[in-house]
Amino acid sequence: MTWLGDAYPWIKAFHIISVVAWMAGLLYLPRLFVYHADAPKGSQQSETFKTMERRLLRGIMNPAMVATYVFGLTLLATPGVVDWHRGWIHAKLALVLVLTGYHMFLARCRREFAADRNRRPARFYRIINEVPTLLLIGIVILVVVKPF
Ligand code: HEM
């Protein structure tokens, strides 16, 4: 398992790169929903939003989420990286699960928009747009400061 230890900085670098790509999508997709919610159903504008949302989710967000998990779990499996007696890692993993739930919720909203079945107002998406920012702040403080 020493090769895992040698690869540690590389795996962490790719973990952070994947996280940045995933977060970019988690912040941008609800922004698209804000404008899409006000576009008349069946309009050219609405159809363009559908294409942008599908490509963002399938082309960037899904692969970036999978990569974040693969590199993150590899870091967890690297001997000496995580002390399971500390609280921060448990709190971080809990917040990551909430972030994953948020991703799944956005995927459901995208399917509703694709079928012209969205019923939520633009204001709803404007508000939930703050959720990933708060989770990001919490997760980064937990992994970098490791306060408990
Ligand atoms: C998907 C599940 C995830 C797992 C299993 C995981 C696990 C880990 C592990 C074990 C480390 C190494 C910690 C250390 O070296 O002390 C790490 C580092 C890091 N993780 Fe994650 N992580 C995940 C998702 C995320 C997410 C979603 C974010 C941000 C939103 C994130 C941000 C970071 C950062 C910034 C670091 C570097 C911390 C540092 O060493 O300075 N991770 N992760």
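**From the ligand to the helices around it**

A polar side-chain atom of H15 lies 2.8 Å from a nitrogen atom of the ligand, a polar contact being a pair of N or O atoms within 3.5 Å, where within protein one must be able to donate a hydrogen and the other to accept it, and residues adjacent in sequence count only if both atoms are side-chain atoms. This is a predicted model, in which local features need pLDDT of at least 70 and side-chain atom pairs count only at pLDDT 80 or more, while totals for chains, interfaces and linings use all residues. Residues are numbered from 1 along each chain as its sequence is written, and side-chain values use heavy atoms, with hydrogens and water left out.

Around the ligand there are 24 residues, of which Y8, K12, H15, K92 and K146 come nearest; a residue belongs to this group if one of its heavy atoms lies within 4 Å of the ligand. An N or O atom in the side chain of K92 is 2.6 Å from a nitrogen atom of the ligand, whereas K146 places a polar side-chain atom 2.8 Å from an oxygen atom of the ligand.

K146 follows helix α5 and has a positive phi, near 45°; helices here are DSSP runs (H or I, at least four residues), numbered from the N terminus. The 15 residues of α5 reach 21 Å from first C-alpha to last, close to the 21 Å expected at 1.5 Å a residue, the expected span being 1.5 Å times one less than the number of residues. P132, L135, I139 and L142 are the buried residues of α5, where buried means under 20% relative accessible area, exposed over 50% and partly exposed in between (1.4 Å probe, protein chains only). Seen down the axis of α5, these buried residues fall within an arc of 95°, so they line one face of the helix, the arc being that of the directions from the helix axis to the C-beta atoms. L134, V144 and V145 are exposed on the other side of α5, and the cover over its buried residues includes α1, α3 and α4.

Helix α1 (residues 2-38) also contains A37, which counts as partly exposed because its relative accessibility is 23%. Leaving aside neighbours within four places in sequence, A37 is in contact (heavy atoms within 4.5 Å) with F113, N118, R120, P121, A122 and Y125.

Note on methods. Helix = DSSP H or I, 4+ residues; strand = E, 2+ residues; numbered from the N terminus.
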